[in-house]
Amino acid sequence: MGEKVVAGAFDLSDRQRYRTKLRQCLRGLERLLEEKRFDRPRNLMGLEIELNLAGADGMPRMLNAQVLERIASRDFQTELAMFNLEVNITPHRLGGRVFDRLAEEVRTALAYAHRKANEVDAGIVMIGILPTLDRDDLVSSNLSDVDRYTLLNDQIVAARGEDFTLDIDGVERLTCTSKSIAPEAACTSLQLHLQVTPARFPDVWNAAQAACAAQIAVGANSPFLFGRELWRESRPPLFQQSTDTRPPELQAQGVRPRTWFGERWIDSAFDLFEENLRYYPALLPICDDEDPLAVLDAGGVPKLAELVLHNGTVYRWNRPVYGIADGVPHLRVENRVLPAGPTVTDVIANAAFYYGVVRALAEDSRPVWGRLPFDAAAANFDAACRHGIEARFVWPRRGRYGGTAEVDAVSLVRDELLPLAEAGLDAWGVEPADRDYYLGVIDERCRRRVNGASWQVATFHRAREGGMSRAQALAATTRRYAELMHLGEPVHTWPVGLPEPARTG
């Protein structure tokens with residue numbers, strides 16, 4: 001959430017007062033939109049990467065407080081569990097050699113953090129879900145010692161009223177329960193921000209929703225959880241189930257989960273903020289002293305603190321964000337679908353693909369969301385999470401006949417989306433050298449049908465065939481992944497298997 005939150009108990013009047021403040025904030029947002037108070041186009045993008053801490057043995061290390069103390073940089077922050085960190089990269093203007101500059105900044109930051117983590121027998125691993133995590137690692141006692149995480153856990157647990165049930169049926173099936181939201185901490189992601197004007201916001205958000213299945217197909221990197229091989233990108237079902245405030249009866253009634261894809265294309269950014277208030281009870285009813293409407297009447301810019309806090313507890317895969325920079329309000333689309341990793345080059349390639357495709361789709365004279373039913377976009381997202389680079393999608397036909405057809409993800413990306421991404425990056429003013437190099441990484445993944453998830457699975461099974469137990473194979477795969485991650489060559493070039501013959505023992 002990024003806000004200072006102090007733990008404490010709430011009474012009934014707190015929730016009523018908070019709801020009133022939320023409505024005032026929503027009216028304040030509406031006025032800001034009506035009065036055209038938002039920032040002019042600046043082509044600004046930014047990214048955040050959630051990270052894991054693991055030892056040389058590949059096992060998680062619950063040491064984020066010690067590592068952050070040594071890093072001593074505001075660019076690095078805590079995340080939900082003690083084996084998590086997050087690095088935030090300063091916003092950049094899209095254009096020129098922006099992706100090479102981003103790659104260098106991320107590489108430098110991660111190398112520094114890795115050196116500091118080594119001082120306490122840990123290291124940085126950039127991966128969607130750490131394969132060696134065990135159920136005993138994801139318990140409330142391993143949540144980071146930060147008030148907002150404790151409070152969020154307490155409120156979600158109270159709203160749920162019973163244990164959380166994890167049931168993910170993939171290559172294998174995982175069923176278990178949890179008494180806290182700690183399993184959410186297994187999900188480490190890449191978050192891509194794009195600042196947009198209110199007029200462009202709905203087109204960019206719709207484009208991002210349509211494109212996110214392809215993002216997952218080429219970028220999946222989370223095939224294991226608790227020793228089971230599940231979906232190629234297991235974060236979405238895990239995140240939804242580990243934050244689900246709905247007992248089975250409310251699920252049966254069709255009550256919306258707090259983690260969701262959505263249910264319709266939008267016409268305004270206001271639609272999403274309004275839905276968040278209409279559908280979701282407050283988890284953290286903490287009221288600010290600001291009167292947002294009085295601030296607006298005085299010509300000021302309101303923080304809309306309650307709206308921002310509430311918005312941070314509704315986990316859309318493409319989230320609307322309200323912010324203020326240099327005294328001017330702005331809107332961002334926060335794309336949250338991708339896992340972290342595998343390498344810095346892969347992360348930047350994923351970013352280049354996203355920013356290019358979204359620009360092109362948002363400016364298409366025949367918008368994809370006018371030709372693709374929203375339910376089909378949601379089904380595509382689900383298929384991508386289940387099957388990764390082998391997924392098949394429903395997508396609008398090209399040509400005058402219209403309608404939709406089934407297409408495999410690789411063909412869609414290579415034949416249609418990569419050319420669009422190229423045009424989109426040209427429109428941003430990105431240098432051809434950056435454009436071609438990073439989109440070439442995506443093309444090579446498709447050509448070889450390789451991403452982080454497929455490499456992990458192939459290497460794990462190779463280790464098992466060599467005689468390793470399941471636990472040994474997962475640990476060995478994690479160690480090899482970390483080694484190749486730090487070497488930095490993109491994942492489509494990684495050799496499958498371990499560097500030495502697999503041995504039992």
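I'll start with the second largest pocket, where α12 is the main contributor to the lining, giving five residues. Keep in mind that this is a predicted model. Besides α12 (374-387), the elements that each supply at least two lining residues are β5 (164-169), α6 (235-242) and β10 (259-260). In total 23 residues line the pocket, and those nearest its centre are W231, P236, P237, Q240 and Q241. By type, the lining has 11 nonpolar residues, five polar and seven charged. The space inside comes to about 410 Å³.

Now the salt bridges. Side chains of opposite charge can pair when their charged atoms come close. Over the whole structure, the search returns 43 salt bridges.

Take R61. Its side chain meets that of D57 in a salt bridge, at 3.3 Å from N to O. R61 counts as buried because its relative accessible area, 18%, is under 20%. D57 is partly exposed at 34%.

R61 also forms a salt bridge with D121, at 3.7 Å, N to O. This pair links distant parts of the chain, 60 residues apart: D121 is in the loop between α3 (98-118) and β4 (123-125), and R61 is in the loop between β1 (44-54) and α2 (64-71). D121 is partly exposed, with a relative accessible area of 47%.

Notes:
Residues are numbered from 1 along each chain as its sequence is written. This is a predicted model: local features need pLDDT of at least 70, side-chain atom pairs count only at pLDDT 80 or more; totals for chains, interfaces and linings use all residues. Side-chain values use heavy atoms; hydrogens and water are left out. On a 1 Å grid over the protein atoms alone, a cavity is a set of points where a 1.4 Å probe fits but cannot get out, and a pocket is an open set with protein on both sides within 12 Å along at least five of seven lines; lining residues have an atom within 4 Å of a point. Grid points are joined across faces, edges and corners, and a volume is the space filled by probe spheres set on the points. Helices (H or I, at least four residues) and strands (E, at least two) are DSSP runs, numbered from the N terminus. Ala, Val, Leu, Ile, Met, Phe, Trp, Tyr, Cys and Pro count as nonpolar, Asp, Glu, Lys and Arg as charged, and the others, Gly among them, as polar. A salt bridge is a side-chain nitrogen of Lys or Arg within 4 Å of a carboxyl oxygen of Asp or Glu. Buried means under 20% relative accessible area, exposed over 50%, partly exposed in between (1.4 Å probe, protein chains only).
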